[in-house]
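Biologist: I am new to this structure. Please take one part of the surface and look at it closely, then move on to the charged pairs.

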Amino acid sequence: FRATVMDERGRRRYTLSAVLLIHYGDDGSSELEQPYLVQYREGSAPIHTRADRGWMPKDKSEILLQGNAVSTQGRDPRSAGGEIRVDKMKILLDS
């Protein structure tokens, strides 16, 4: 599974991929196995986030990541970059 979401000006906002996507028609949510999210922001290095599992609600406004969640951002003019490692992480996709 791989999806790219664009902004109103046609630029990539984020790409989301996973080894497996399971969509539940009853509530519209989705489960992801080994999700990989890359978020793009103008003037900043992309943020790369991986985890063992993920879950998204029907409106796709957020992704809940569980199990070995790692988020990294490279150095850029605004930031020295860094890495975050946690067991659970919530990312708001529409912000």
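Modeller: First, a term. A patch is made of residues with over 30% relative accessible area and no salt bridge, and nonpolar side chains are joined within 5 Å. This is a predicted model. In it, V19, L20, I22 and Y24 make a nonpolar surface patch of about 320 Å². Take L20 from that group. L20 sits in strand β3, which spans residues 20-23. Its relative accessibility is 39%, so L20 counts as partly exposed.

Now the charged pairs. Side chains of opposite charge can pair when their charged atoms come close. A salt bridge here needs a side-chain nitrogen of Lys or Arg within 4 Å of a carboxyl oxygen of Asp or Glu. The count by this rule is four salt bridges.

One of them joins E62 and K90, at 3.6 Å from N to O. E62 belongs to strand β8 (residues 62-73) and K90 to strand β9 (residues 82-92), so this pair ties together parts 28 residues apart in sequence. E62 is buried, at 15% relative accessible area. K90 is exposed, at 54%.

Another salt bridge links D7 and R11, whose closest N and O atoms are 3.1 Å apart. D7 is buried, with a relative accessible area of 15%. R11 is partly exposed, at 32%.

R85 and E83 also meet in a salt bridge, at 2.7 Å from N to O. R85 counts as exposed at 60% relative accessibility. E83 counts as partly exposed at 46%.

Methods
Residues numbered from 1 in each chain as written. Predicted model: local features only at pLDDT ≥ 70, side-chain atom pairs only at ≥ 80, totals over all residues. Heavy atoms only, no water. Patch = residues over 30% accessible without salt bridge, like charges linked within 9 Å, V, L, I, M, F, W, Y side chains within 5 Å. Areas by Shrake-Rupley, 256 points an atom, 1.4 Å probe, with all protein chains shown as cover. Helix = DSSP H or I, 4+ residues; strand = E, 2+ residues; numbered from the N terminus. Buried < 20%, exposed > 50% of the residue type's maximum accessible area, 1.4 Å probe, protein only.
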